[in-house]
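Welcome, and please take a look at the structure below. We will walk through a few of its features together, one place at a time.

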Amino acid sequence: MQVKVVDYRAADAAEQFTRSLHETGFGVLINHPLQQALVEKIYADWLDFFNGTDKQQYAFSTETQDGYFSTEISETAKGHTQKDIKEYFHVYPWGRIPAQLKADAMDYYTQANRLAQQLLSWVQQHTPADIAAGYSEPLSQMIDGSRLTLLRVLRYPPLTGQEPAGSLRAAAHGDINLLTILPAANEPGLQVLSKDGQWLDVPSDFGMLIINIGDMLQEASRGYYPSTQHRVVNPTGEGAKRSRVSLPLFLHPREDVVLSERYTAHSYLEERLRELGVKK
Ligand SMILES: O=C(O)CCC(=O)C(=O)O
Ligand SMILES: [Fe+2]
């Protein structure tokens, strides 16, 4: 298995891209419309923020989930016992955002949401009719007016050598949401679990955009689009001295969206956040 790199401008981009999502849970786009210069500026400005002390004033709220999550309270992936080696900030348009970082973060949030809506309509168009018949509403409509779509700015600090044995920058997990949109990070490390149980590097050269299916879309599509396990491995050598910054946009449906007979978006999210240990 290999995650395919698809040219967003190719005539058959939608077909190739959605086939990759069906086969691997992941797809990688080049020549996509998100501005690389903006992504890089966000990486640089937020790295300064994480290196400073202001972040302590934005401690996240268990109720609303916006704000800063320190390495001490960082999430523990489902089925794991060690916390991930990461700190992060959850940006929601209605949430707290440091003033000097707000304009760029919201600009990116808007651009990425627009692209996501189009990608969801590609996914919809290429869903087999019997599966699509089970969607409670068109996929791109599920995110209309959602308050829960979330831009996560992640910083994986340089390693100290004191990390607990076996802990990873991000332990193997599936994302909770519908679809995740992730520009290539400033450092390598992202891997995806293949069907035959091998960890493979996700193509993530400069400028690539990585998209993966989340558990909610797996649930809504009855597994046709799989939410594939992925992780971020610890660097060795010189790379261990450097921070890694990444910027996933987690696309969430409106809370009232019916995902399946078992779940609404709301009931699903509550269950998963409790499992992650970031909600009571
Ligand atoms: O940092 C990355 O490249 C991936 C992050 C991720 O998988 C997540 O936060 O869910
Ligand atoms: Fe993830």
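A residue is called buried if 20 or more other C-beta atoms lie within 10 Å of its own, exposed if 12 or fewer, and partly exposed in between, with C-beta atoms placed from the backbone. Before going further, please keep in mind that this is a predicted model, in which local features need pLDDT of at least 70, side-chain atom pairs count only at pLDDT 80 or more, and totals for chains, interfaces and linings use all residues. Residues are numbered from 1 along each chain as its sequence is written, while chains are lettered from A and ligands numbered from 1 in the order in which they are written.

Val123 belongs to helix α3. Helices (H or I, at least four residues) and strands (E, at least two) are DSSP runs, numbered from the N terminus. Leaving aside residues up to four places away in sequence, Val123 touches Thr18, Leu21, Leu139 and Tyr225; contact here means that the C-beta atoms of two residues, placed from the backbone, lie within 7 Å.

Helix α1 (residues 13-24) and helix α3 (residues 99-125) pack at about 80°, and their axes are 9 Å apart. Axes are lines fitted to C-alpha atoms, for helices over the stretch in contact, and angles run from 0 to 180 degrees between N-to-C directions. The two helices, α1 and α3, are therefore roughly perpendicular to each other, a term for angles of 65 to 115 degrees.

Next come two loops. Most residues other than glycine have a negative phi. Asn31, however, is not a glycine and has a positive phi of about 55°. Asn31 sits in the loop between β2 (26-30) and α2 (36-51), and counts as partly exposed with 13 C-beta neighbours inside 10 Å. Arg222, also not a glycine, has a positive phi of about 50°. The loop between α6 (215-220) and β11 (230-232) holds Arg222, which is exposed, with 11 other C-beta atoms within 10 Å.

Methods. Parallel < 35°, antiparallel > 145°, perpendicular 65-115°, else oblique.
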